[in-house]
Amino acid sequence: QGKIEQDSYDFYKIKYHNCPVILSTWSDCKIDFSELPKNFKLLIAPLPLESGDQNINFQLVSTINALELVKTKYVIKMRGDEYWSYPENIYQSILNEPNKIHCSSVFFRAWQYCEYHMSDHIIAGMTENIKLLFHTSKHNWDTGRLNVSKWKVDNVFKGYINTHAPEERLTKSYLEVKEPDRFEVEDGRVLMKEYFNILDIQLLKPYKIKANLFKVEFRDNFIPENNFSISHIDRLFSDEPYKL
């Protein structure tokens, strides 16, 4: 979903031309899709008037557009400017825990660094759950809900700020709709462990990861704990600050 880069498109076109792939991008896309594999579907839409912080509305709209065409029980959402290998390993993870949402470890934040911060570089699971995640998040973004975050320095609460991270809005929207009586009553880490899983990034090489906010790209060398991220869901409960 989103902006598509040529090498990302070529990677999937060559390796996964027999898989059901939906490309959901924008009308300013310059990629030549004239030889689209028969199992690929292409959606081209105009850019929304509002991007939202860190392009959250672009992600929501392009993903929802594609989800309307998904006919399978499970779905894997990836960015069009990245690529990942071995989606069958993601599929196996879903089968092992079908009721969870499975994410990459890329900026799946340590709790001490940012609460309720899943990763949106891969989002996979049962299609009905992924649809619920994005439709609920879109509603909350449209209505300005769940846009407050805790500001912490060295794990000490300093005050409340407006949320800019799309991942935090996605996490909170999903947990609130799934557990309205428990959300922000119980420890959020408990809910995150119940509803989310972190994929083993070592099983997804070769990959290309983009971090546009930081103007950096990773090629098979992303180390979660060196990037304010965690490699396993249980590390949400670690007392080690920032997991460095």
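1. Helices (H or I, at least four residues) and strands (E, at least two) are DSSP runs, numbered from the N terminus.

2. Some words on the basis of these points are needed. This is a predicted model, in which local features need pLDDT of at least 70 and side-chain atom pairs count only at pLDDT 80 or more, while totals for chains, interfaces and linings use all residues. Residues are numbered from 1 along each chain as its sequence is written, and side-chain values use heavy atoms, with hydrogens and water left out.

3. As to geometry, α4 and α5 pack at an angle of about 110°, with their axes 8 Å apart; axes are lines fitted to C-alpha atoms, for helices over the stretch in contact, and angles run from 0 to 180 degrees between N-to-C directions. That makes α4 roughly perpendicular to α5, given that angles under 35 degrees count as roughly parallel, over 145 as roughly antiparallel, 65 to 115 as roughly perpendicular and the rest as oblique.

4. Helix α5 also packs with α2 (residues 56–67), at an angle of about 55° and with the axes 9 Å apart. That makes α2 oblique to α5, and the crossing of the two is right-handed (a crossing is left-handed if the near helix is turned anticlockwise from the far one by less than a right angle, and right-handed if clockwise). I56, Q59 and L60 in α2 meet P166, R169 and L170 in α5, and by class this contact has four nonpolar, one polar and one charged residues.

5. A further partner of α5 is α6 (188–195): the axes of α5 and α6 come within 11 Å and cross at roughly 85°. That makes α5 roughly perpendicular to α6. T171, Y174, L175 and K178 in α5 meet L191, M192 and Y195 in α6, and the residues of this contact divide into five nonpolar, one polar and one charged.

6. A search of the whole structure finds one cavity of 30 Å³ or more, and about 40 Å³ of space lies in the largest cavity. On a 1 Å grid over the protein atoms alone, a cavity is a set of points where a 1.4 Å probe fits but cannot get out, and a pocket is an open set with protein on both sides within 12 Å along at least five of seven lines; lining residues have an atom within 4 Å of a point. Grid points are joined across faces, edges and corners, and a volume is the space filled by probe spheres set on the points. The lining of the largest cavity consists of I56, S137, N140, W141, R145, L146, R169 and S173, with α4 giving the most, three residues.

7. The second largest pocket holds about 980 Å³ of space. Of the 36 residues that line this pocket, the closest to its centre are P20, V21, I22, V75 and I76. By class, the lining has 22 nonpolar, eight polar and six charged residues, and β3 gives the most to it, with five residues.

8. Two backbone details deserve a look in the model. The peptide bond from K205 to P206 is cis, with omega near -5°, and P206 has its place in the loop between β8 (196–198) and β9 (208–211). E184, found in the loop between α5 and α6, has a positive phi of about 60° although it is not a glycine.

Technical notes: Contact = heavy atoms within 4.5 Å. Nonpolar A, V, L, I, M, F, W, Y, C, P; charged D, E, K, R; others polar.
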